[in-house]
Protein chains: 4
Amino acid sequence: MKNIAILCSGGDVSGMNAALKRFVDYAFDQGMRPFFVENGYEGLIDNKISAAAYSDVAGIISIGGTKIRTSRSERFKESSYRQIALENLREHGITGLVVLGGDGSFKGMQKLSEECNDIGFIGIPSTIDNDIAGTQYCLGVDTALNAIRVAIDSIRDTASSFGRAFVIEVMGRECGYLALVSALTSGAEMCLIPEVPYNLEVYKEEFLEEKEQGRSYFIAIVSEALKNTEQIVQWFEEEIAIESRMTVLGHIQRGGIPTVHDRLMAFHFVTTAIDALREGIKSTVVCYDDGMFLCKDIKDVAFKKYMIDEDLLALGKEFESPQHKQV
Amino acid sequence: MKNIAILCSGGDVSGMNAALKRFVDYAFDQGMRPFFVENGYEGLIDNKISAAAYSDVAGIISIGGTKIRTSRSERFKESSYRQIALENLREHGITGLVVLGGDGSFKGMQKLSEECNDIGFIGIPSTIDNDIAGTQYCLGVDTALNAIRVAIDSIRDTASSFGRAFVIEVMGRECGYLALVSALTSGAEMCLIPEVPYNLEVYKEEFLEEKEQGRSYFIAIVSEALKNTEQIVQWFEEEIAIESRMTVLGHIQRGGIPTVHDRLMAFHFVTTAIDALREGIKSTVVCYDDGMFLCKDIKDVAFKKYMIDEDLLALGKEFESPQHKQV
Amino acid sequence: MKNIAILCSGGDVSGMNAALKRFVDYAFDQGMRPFFVENGYEGLIDNKISAAAYSDVAGIISIGGTKIRTSRSERFKESSYRQIALENLREHGITGLVVLGGDGSFKGMQKLSEECNDIGFIGIPSTIDNDIAGTQYCLGVDTALNAIRVAIDSIRDTASSFGRAFVIEVMGRECGYLALVSALTSGAEMCLIPEVPYNLEVYKEEFLEEKEQGRSYFIAIVSEALKNTEQIVQWFEEEIAIESRMTVLGHIQRGGIPTVHDRLMAFHFVTTAIDALREGIKSTVVCYDDGMFLCKDIKDVAFKKYMIDEDLLALGKEFESPQHKQV
Amino acid sequence: MKNIAILCSGGDVSGMNAALKRFVDYAFDQGMRPFFVENGYEGLIDNKISAAAYSDVAGIISIGGTKIRTSRSERFKESSYRQIALENLREHGITGLVVLGGDGSFKGMQKLSEECNDIGFIGIPSTIDNDIAGTQYCLGVDTALNAIRVAIDSIRDTASSFGRAFVIEVMGRECGYLALVSALTSGAEMCLIPEVPYNLEVYKEEFLEEKEQGRSYFIAIVSEALKNTEQIVQWFEEEIAIESRMTVLGHIQRGGIPTVHDRLMAFHFVTTAIDALREGIKSTVVCYDDGMFLCKDIKDVAFKKYMIDEDLLALGKEFESPQHKQV
């Protein structure tokens, strides 16, 4: 009987609870004993480790966030605290740990892995930013995208009723993925992200012509990475001469009832992770790549820059030089 | 055959489209001819008045915002433009006008009414702020409250996962209605509105004790009227020593698919309004009062201060001196 | 210190959990001790009575159904079992019991009340059917209506895409309230309920003419009370010569995340109930009437027939003799 | 300048409108002229073909179903009508046709392709059943799955409140995909589909033991393919001795606001289809395979049996011999 544990680290995402449920169910199914570490690496240091039962995961699959809580840990950057963390794991006889988090969390995991030989570590990419190299999908992205969609659909009602420009700032840290997909799938008139060059002069010419022809409102999606949302609001006021409003979507993007896709991805990610632990893999990250779930070396994941998929960038070309759409 | 028209003024709300549908259906049913005025009082001045048909309102009942657009009009404050507006109405033989809007819009309507004898004017309270004296309900409030609910439910997932205080700023201009109902029905730990006195020292004592006993997160709902949202974020950081985040819900509160309640209220409001026009009433506002729809003099509506219902304020007492809730 | 208890009886509705939360919070606030009875009158007989704490109601406000479960009880119809139930209440020192349920549950409550002098009983109307005399609102109705709305909005997409008639059967036992409001607020073409006379010949003439003019689909809402849903499907096939489908909405109408309205109504209902218990009322039902919450004698509630509000029936007149709507 | 057309055939799915929008936008972007064929193959025969403009697709991206309507056509099975269809296409100078539909629609397309040399035909798999060989994804599946999820989450509230078994019949024709994914991601206790063998005796033993230990409700998901839903309801009543209810989800599975995933997949599918038309491909179906969009010969698509993905079937193993979950 093998004892294995799971923890959540960094920002929470919807789908983490589905991962916890699958972790408990599949561990038991494989003859292992599942443990929960509460509160991320902080809880690992503070020995908040306990055996998990079926009853702990009953009904949580449809709830956002994570039942075992998450954290960012400063202490974990110090070797002495990591030693304590390892001791705590050993105390519970744990031989494998699954970490749900982003690249920062995986770097911490990697250090832990380098400092011990008796425990395996598997990362599962979990961030709404979808900015982790090596995997085409991170847990939580689909729920975030649909939360953003509902918000934009709603704001469009107001924009079209009032004749305004709405500049909507979307999360994603340095990555424009969320903003780009949101702009495409909501039919936004403008999308500004780091990965696609844009020319405000081209937009201006186009928008003024559309306004002349009767267009009364604009929806602009701007990635937080560009740090120019307020400036774009001003640009609409001054250059396009239309009343403008800014909306920072903020934390409503992060949570919410997990979509089917995030629940199912959580199942696949965790299944692959437990299989890898059973096979004795020492340190790896489960990645989703062209329809498959693969274990990749952490060096190819946390230490590389994420690039948006070519097919998607091709769709985004329309925002590079917006085509004229008579309205 | 009587010609009657409808327009939307001020901020748009969900339910306006249901009102337009009922307006067309019921006008025809009563042997009247319905007209739409596009773009509020601006459109009245610019003569954007046209006959409405069944096909104009097909399928719009489930869409937020307003199909005939709304506006705020500076020109309408000048008598000369109001004269043009009246001429435009007369040109189309219109003898009754329904105005969906807030108290500002009703004041404009009142002026128009004073300047003519041949046209009747009926206001329908429409604002998510629910801040109009004389009526217990304004069109759009229920949809706004449910949009806020979804946002808070979602943010709570994140707050509870991460151990943070979330300070959520809610709309309502000078009125705390939206914030109070949202706080009550989402089980928020704190609610600050102009109508309920509060004492941060009491909150501090309570929150520190709850934190001591294990509470890891707080949800605070703050009315935009108080203009102290950022200060409250800082208060949590400094006085309660918990990481805090601010979320300004912004324009997602305004739109969205109208709820059943707003669709049904739109039907009742418009039916009462058309009945009043048919009976020759000259200037009035349809109010919802203890289950009934009554026509009230505009002086009792637009020129008085709205007071939150006593029963509701009584529920809000828990935020005045928050009771201790061991967690 | 007074001990008071709450139970849920009959069909569950959304908003019951909000009622439980308010029950616990307000009881403590008033210096009373709250108790839960699990599993309705069955649990009362089986002595499933236990003290409730704040932690029992944390986070349940946004969850459908009822945490303390509900039941229908055959045993409770026998006096001997009711004696046991009373003994169980006395054993816990309970002097007041709040019952969430429909008219059947109130009749049971009334019998209990007649058989004892030391305990007060208060009913809170809770049924999605909205068919209880004396109250204009029953807990759960608003959530049910919005669940139906989402279903109809979705089916309309399919109906309009395919050129079909959809006959949608809506709950409500003997009462057409749910069906009528749903038909009005979804813009349905047909609505059949017990309270409004209808003439299929008039519908036929109208629908054939609309079809001639280009209408390609119809949405019909039929109350389950009429027991003729399949017959109406056939009527569309044979008389209107259009492919038709039946959808029985079923149990999706009952549950779901409670709306703001149901949460707030739960708060008001329970507050009034506890106030009445504190004042020593012996047996009553809290009713919502023209904006107020009143305690009514059970004889005026459970033993009378519910009548749909006149204003609403007036709106429903359009289904009595459907006006011609050129499409 | 090349003229290309698009039509929808068979059952409608959410995402078709997003496909129409992308079709118009990308056609213009590529210097082609886009045409709409209304009402599927029926409209092709009846020459309901017209040029499409940007304004035709404004705002439709967030609406379920299809704006250009769909149909099943008996006439199209006859060669003489297909000849008329081809003539109508030629009359508008159309050299490429995109068909959104299922395998039946592709077989019709194939016949058309065999009877002419001057027009290219591209299929896009569109069915909520996800039962088309050669592609891992069909347009509409994600929206359907999320509609089912909302329904099951809601029914679970009622099931857990009342202590009942709910047997929920899910669409999918001969394919258990929808039922399997729904059961997994909703944490259902039972799932019966054609692709996974099951043993009611094993379920019985397990369920009786769980009931003994306190479990009060069960959710069973049954594929419509098995045609035994009512029998399973009876099985719960008789073998497990628990009150049971059947819910046939019906047409609410088909429609609804399209998810982000379906909107984005529509964009990719259509982009690939137009690229293929531009390159002169004569007859093909766009398939989604391991993260890529490929054109496949119709023989490998419409004339083969769809097999559920191995990874997913592996997850479904838990329903083959349900593991014991103490509750």
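With the side chain of which residue does the side chain of Asp129(A) make a polar contact? The partner is the side chain of Arg173(A), at 3.4 Å, where a polar contact is a pair of N or O atoms within 3.5 Å, and within protein one must be able to donate a hydrogen and the other to accept it, residues adjacent in sequence counting only if both atoms are side-chain atoms. This is a predicted model, in which local features need pLDDT of at least 70 and side-chain atom pairs count only at pLDDT 80 or more, while totals for chains, interfaces and linings use all residues. Residues are numbered from 1 along each chain as its sequence is written, chains are lettered from A and ligands numbered from 1 in the order in which they are written, and side-chain values use heavy atoms, with hydrogens and water left out.

Asp129(A) sits in the loop between β5 (120–125) and α5 (141–162) of chain A; helices (H or I, at least four residues) and strands (E, at least two) are DSSP runs, numbered from the N terminus. With a relative accessible area of 7%, Asp129(A) is buried, a term that means under 20% relative accessible area, with exposed meaning over 50% and partly exposed in between (1.4 Å probe, protein chains only). Leaving aside residues up to four places away in sequence, Asp129(A) touches Met171(A), Gly172(A), Arg173(A), Cys175(A) and Tyr177(A), contact meaning heavy atoms within 4.5 Å. Asp129(A) also belongs, together with Asp103(A), Asp131(A) and Arg173(A), to a network of salt bridges, each being a side-chain nitrogen of Lys or Arg within 4 Å of a carboxyl oxygen of Asp or Glu.

Asp103(A) leads on to the annotated site. An unreviewed UniProt entry lists Gly11(A), Arg72(A), Ser73(A), Gly102(A), Asp103(A), Gly104(A) and Ser105(A) under "binding site". These residues are spread over 95 residues of sequence, yet they cluster in space, the largest C-alpha distance being 13.8 Å. UniProt positions are given in the numbering used here, feature names are shortened, and annotations may be inferred rather than shown by experiment.

Gly11(A) lies in the loop between β1 (2–8) and α1 (16–29) of chain A and is buried at a relative accessible area of 14%. Residues up to four places away in sequence not being counted, Gly11(A) touches Met16(A), Thr70(A), Arg72(A), Arg254(A) and, from chain B, Phe162(B). Gly102(A) is found in the loop between β4 (94–101) and α4 (103–114) of chain A, where it counts as buried at 17% relative accessibility; with the same exclusion of residues up to four places away in sequence, Gly102(A) touches Ser126(A) and Ile132(A).

Within chain A, the side chains of Arg215(A) and Glu210(A) meet in one at 2.9 Å, N to O, and Arg215(A) is buried at 15%, as is Glu210(A) at 5%. In chain D, Lys77(D) and Glu74(D) pair at 3.2 Å, N to O, but here Lys77(D) is exposed at 56% relative accessibility and Glu74(D) is exposed at 59%.

The interface of chain A and chain D takes 41 residues from each of these chains. Together they bury about 3,400 Å², 58% of it on carbon and sulfur atoms, buried area being the accessible area (1.4 Å probe) that two parts lose on being put together, summed over both. Thr185(A), Val260(A) and Leu315(A) supply 19% of the area that chain A buries against chain D, more than any other three residues. Four salt bridges are counted between chain A and chain D. Arg263(A) forms a salt bridge with Asp153(D), the closest N and O atoms being 3.3 Å apart, and this pair runs from helix α9 (residues 260–278) of chain A to helix α5 (residues 141–162) of chain D. Both Arg263(A) and Asp153(D) are buried. Asp153(A) likewise forms a salt bridge with Arg263(D), with closest N and O atoms 3.3 Å apart.

Between chain C and chain D, 32 residues of chain C are in contact with 32 residues of chain D. This pair of chains buries about 2,300 Å², 53% of it on carbon and sulfur atoms, and Ser161(C), Phe162(C) and His251(C) supply 29% of the area that chain C buries against chain D, more than any other three residues. Zero salt bridges are counted between chain C and chain D, whereas 12 residue pairs are in polar contact across their interface, both residues at pLDDT 80 or more.
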